[in-house]
Amino acid sequence: MNISLDPWIWISALLTVSIFSFLYRDNPFYRFAEHIFVGVANGWAVTFYWHNILVPSLFDPLFRRGQLLLIIPFIIGILYLTRFIPRVSWLVRIPIGITMGYYVGASIPADVQAYIIKQTQGTILTSQNFQAWNAGNMGVVWSIILFVGVICTLSYFYFSKEHKGVLGITSRIGIIFVMIGFGAAFGYTVMARISLLIGRLQFLLGDWLGVIH
Amino acid sequence: MKKGLPLILVFICGILGIIQYFAPHPVVQDTDNFFRNNLLKILAAFALVLGLGSLLKVHMDKIKRKRENWQYSWVLIIVFIITSIIGLFGGVTGEGPLPTRIGSFSFDNQTIYDNVIVPLGSTMFALLAFFMASAAYRAFRARSTEATLLLASAFIVMLGVLPLGDRISPHLPSFAQWIMDVPNVAGQRGILIGVAFGILATALKIILGIERSWLGGGGE
């Protein structure tokens, strides 16, 4: 056993143990660590935005280099703070509208390209897609299963017609693919969390207590 | 005015967001560049100020009214102020005017990030492993074919990524990978394409002013 003498290791370890204490039940140690996390994370965010955005992109160019065009984002940004003044709080809709409008507009071509065109390209039965699996002749079979799976899954989410007849069959196959997908995603997520847990235990038993190497 | 102006701005900015992909004209590209690299970045920083203002207001209110667990709000506010002062005046790695080192003990912003935010963040997510396992134990019952499929695929994928899976059968890891690559992708892709159509419809509704819930309450 070789316990660490680094104060930061002790701080990290005690905060980690405090968070894990929630597994027993809600307690003051957990609440203390939780509030520290929120406070520090927000304090760090202030620093990040100040040093990486406000100073280099706004204050330096506007007040030191005289780029007067930046007065526009400065004034629009200030409008966010009108949220705290009830009489003019409606002005907060202006920066929200600009931000949301631009991102919503930009998301249309980007999402169509990434989520519809590219996904369809990867699904249709082409010799290129057959070879993409690196599975020899089985690549054709995997591609056909994938193609059928996508069509059937889409048919399951088609609610404009009652799920009877052909649509009933395809939607039934579709839900099978959806459930396998949910199960796989769940399993993968759990294992990712377990991996984080192993990391924390390695820190506690290795870096802090020095029990393992 | 109170709702009309924001709706006009959403429309204009939404159209700019779309046409910058298709119009290489310098006016369009320069405007888009200004939006991306200046306006929206700066607005995001001010939005953070709004969020922090709301956070502090909620906790100050909690302290003032002595609501349940109000003492912890002091912890949050004090830690927030200390971290902000260290970061703003001490710089990210201690290059600012405020000293961020006592002897060999350094407490600059990067050190705080590495030793408080990173471990606490990963511990919070690691904690979810227990809750997910507990929820799965209670919820995963093989009551129907669909539930059995979900259970089986989750079990195979979990075993497949463990060294134990290889011990049970050397084919198990590759079968788990096949589940991830073929049926999982088929299901997820079907959902993704559907979601994309949903995003498309909602985006158009927002740009055209049909969807107005983001305006919140208040006068016309």
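## Helices α1 and α7 of chain A

In this predicted model, helix α1 (residues 7–20) of chain A and helix α7 (residues 165–208) of chain A have axes that come within 10 Å and cross at roughly 135°. Helices here are DSSP runs (H or I, at least four residues; strands are E, at least two), numbered from the N terminus. Axes are lines fitted to C-alpha atoms, for helices over the stretch in contact, and angles run from 0 to 180 degrees between N-to-C directions. The two helices α1(A) and α7(A) are therefore oblique to each other; angles under 35 degrees count as roughly parallel, over 145 as roughly antiparallel, 65 to 115 as roughly perpendicular and the rest as oblique. The crossing of α1(A) and α7(A) is left-handed, meaning that the near helix is turned anticlockwise from the far one by less than a right angle, whereas clockwise would be right-handed.

On the α1(A) side, the contact (heavy atoms within 4.5 Å) involves I9(A), W10(A), S12(A), A13(A), L14(A), T16(A), V17(A) and F20(A). The α7(A) side contributes L197(A), R200(A), F203(A), L204(A), D207(A) and W208(A). By class, this contact of α1(A) with α7(A) has 10 nonpolar, 2 polar and 2 charged residues. Ala, Val, Leu, Ile, Met, Phe, Trp, Tyr, Cys and Pro count as nonpolar, Asp, Glu, Lys and Arg as charged, and the others, Gly among them, as polar.

## Helices α5 and α7 of chain B

In chain B, the axes of helix α5 (residues 145–160) and helix α7 (residues 172–181) come within 8 Å and cross at roughly 125°, which makes α5(B) oblique to α7(B). The crossing of α5(B) with α7(B) is left-handed. Its contact residues are S153(B), I156(B), V157(B), L159(B) and G160(B) from α5(B), with L172(B), P173(B), F175(B), A176(B), I179(B) and M180(B) from α7(B). The contact of α5(B) with α7(B) comprises 9 nonpolar, 2 polar and no charged residues.

## Packing between the chains

Helix α4(A) packs against helix α8 (residues 183–207) of chain B at an angle of about 155°, with the axes 9 Å apart. That angle makes α4(A) roughly antiparallel to α8(B). The contact of α4(A) with α8(B) has 16 nonpolar, 6 polar and 2 charged residues.

T153(A), in helix α6 (residues 138–156) of chain A, has 0% relative accessibility and so counts as buried; buried means under 20% relative accessible area, exposed over 50%, partly exposed in between (1.4 Å probe, protein chains only). Leaving aside neighbours within four places in sequence, T153(A) contacts G174(A), F177(A), V178(A), A186(B), G187(B), G190(B) and I191(B).

## Nonpolar cores

A nonpolar core is a set of buried Ala, Val, Leu, Ile, Met, Phe, Trp, Tyr and Cys residues joined through side-chain atoms within 4.5 Å. The largest has 29 residues, and those with the most contacts inside it are L58(A), I94(A), I98(A), Y102(A), F35(B) and L39(B). At least two residues each come from α2 (28–64) and α4 (93–123) of chain A and from α1 (4–19) and α2 (26–64) of chain B. The largest share of this core, 10 residues, is supplied by α2(B). Apart from it lies another core, of 26 residues, among them L197(A), V75(B), V116(B) and A126(B).

Not counting residues up to four places away in sequence, I94(A) touches I76(A), L79(A), L5(B) and L9(B). With the same exclusion, F74(A) touches L58(A), F59(A), L62(A), F63(A) and F46(B).

## Basis of the values

Residues are numbered from 1 along each chain as its sequence is written, and chains are lettered from A and ligands numbered from 1 in the order in which they are written. Local features need pLDDT of at least 70, side-chain atom pairs count only at pLDDT 80 or more, and totals for chains, interfaces and linings use all residues, while side-chain values use heavy atoms, with hydrogens and water left out.
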